[in-house]
Amino acid sequence: MAKRLKYWGWGCEGDGLPARDREALLSTLSRGFGIHGHHTGDSSPPPIDEIPLPPPRLDPPAALASMCTQEPYERVLHSFGQSQPDSIRIFAGDFAHAPDVVAYPRGEADIAALMQWAGEARAALVPYGGGSSVVGGVTPDIGGEYNGVVTLDMSRMNRVLEVDTESRAARIQGGARGPELEAALKPRGVTLRHFPQSFQHSTLGGWIATRSGGHFATLYTHIDDLVESVRCVTPAGVMESRRLPGSGAGPSPDRLLIGSEGALGVITEAWVRVQGRVRHKAAAGFRFPDFLQAAGAVREVSQAGLFPANVRIVDGVELAVNGAGDGSFTLMVVSFESSDHPVDAWMDRAEQICLDHGGLPDADWRTDPGAHLKGTVGAWREAFIKMPYNREVLTPLGIISDTFESAITWDRFEAFYHAVREAAREAIREATGREGAVSCRFSHAYPDGPAPYFAFHCAADPDGMLDQWRTIKAMVSDAVIDNGGTITHHHAVGRDHQPWYEKQRPPLFGDVLARAKAHLDPKGILNPGVLVPHPRPGAVRKRPRR
Ligand SMILES: Cc1cc2nc3c(=O)[nH]c(=O)nc-3n(C[C@H](O)[C@H](O)[C@H](O)COP(=O)(O)OP(=O)(O)OC[C@H]3O[C@@H](n4cnc5c(N)ncnc54)[C@H](O)[C@@H]3O)c2cc1C
């Protein structure tokens, strides 16, 4: 029998950190960083039947009942995504905002019918892919202006519909999760090669709706680059862009929907660019005495036109927190891949650049092609795979463990890095009165700048954890925006980043977006509070001004 998804954390019931890793994590935080959890006894999540759920405020009409459920497990599962505040609220048993109905459409006609009903019932409709949002994108906490919430789970629309091997493209439904779509593409000899860390439990529609970034850290990293055309159901009708390898015909309709976060419509399918499966690979790790020295090497590699499949640097703090280093060096992981030709020449050049910047090889990639699976690189890789399970261990012990990410041009990077890292340390002190651990890595790198990805850990007060997280989040987000960065490079806006997104985008663009939303979603039912400000009480009834 297929395992059920956990409602309290990452993955399925039964998945999680083995006891040995759990002890190692707690011991590293405690001994290495002075971050101690509160041992409050039983920290396991309550059984579903002990979670207080408000009675549903609305029932689906008979014609839609077969695709809808009000089962407690379904309502609980769809109450939260995977953010730190979501986790705090889950362990606090805060489910008052649970969706009233969870719908599983099988096709576009079902989605259109659900939209029609939600509009008439004045219910909010929250599109839900894999539920891996870390920014409150699927957390249906929308206030009291609606008569209810319907979460629209796309998991039954999960097929690869067509593969065009000549043009190297595939038509895939929005609800297909990473492993599902790759399994269907494999027999055709192609791959999408979009691997966000959440690959296992996130969907093509979610990736497009959030402008996700894959593991491949240069060149074609964002899903934006892989989308050839999109099809979307909105309350105003269906919108589908033309399949083209490129086009100069005005502003791109794809770009309106890529990053639309469920606020403009439901992405039902897309043509995406696929590629041949990898046959040649070279990967290596280099140790640098200093993060900024390693950053210099990343800049030169990124500007040399080499476009590695991956070029990441991870600072000593992050390596130490994850048991992959002793804190004394920064690690660079760099790899090249091709379905067509050997890539050793590119790796040679990248190695030379690393040596020029004071890096030392972690292992010899020439004599041992599996070197990237061993040593520090291997330890980091293993920790990276397990990281999503850390939070469900730490939250119940009162330890905040969160990340935030940005992007900045190289000319401003160094000042940005110092200012944001210091702001994070100061925010932890101010919110908790204690010191925490703040680390940085580059998740992606471009010729004109890197995407720094910060992580922080700190002990919080058991009763004030959510407020303490809010204080830290606000201070680091202010620092990111004030120092010229983006509020998100790939985690999306959701509800948590909304105030800073408004500071980042040009005001006129905000007006245009609000008008587009009002046209496509005149009753304001789609994912309220995401991308455009939450409608004022009563505004949901109004027609857009013309
Ligand atoms: C452990 C972990 C690791 C992560 N790593 C990465 C990473 O490496 N790169 C990255 O980019 N992100 C990452 N994320 C964030 C998250 O996985 C991405 O934002 C992902 O794209 C969300 O996909 P999803 O299918 O889970 O969407 P959901 O979380 O279900 O939804 C996200 C948003 O998209 C909307 N949406 C979902 N499906 C549709 C649809 N079909 N039509 C319209 N709107 C829709 C929702 O309404 C919501 O606003 C990570 C998250 C976790 C928990």
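**Ligand shell and overall fold of a predicted model**

The largest share of the shell around the ligand comes from α6, which supplies five residues. Helices (H or I, at least four residues) and strands (E, at least two) are DSSP runs, numbered from the N terminus. The model is predicted: local features need pLDDT of at least 70, side-chain atom pairs count only at pLDDT 80 or more, and totals for chains, interfaces and linings use all residues. Residues are numbered from 1 along each chain as its sequence is written.

In total, 38 residues surround the ligand. The closest are Gly129, Gly205, Gly206, Ser212 and Gly262. At least two shell residues come from each of β3 (124–128), α6 (204–210) and β10 (266–273).

The protein chain holds 16 helices and 18 strands. Its radius of gyration, taken over C-alpha atoms, is 23 Å. The C-alpha trace spans about 65 × 60 × 50 Å along its principal axes.

Confidence was examined last. The protein chain averages a pLDDT (the predictor's confidence in each residue, from 0 to 100) of 94. A score of at least 70 is reached by 97% of the residues. Over residues 536–546, pLDDT stays under 50. For this stretch the model has twelve contacts beyond four places in sequence; a contact joins two residues whose C-beta atoms, placed from the backbone, lie within 7 Å.

Technical notes:
Rg over C-alpha atoms; globule rule 2.2 N^0.38 Å. Near = placed C-beta within 6 Å.
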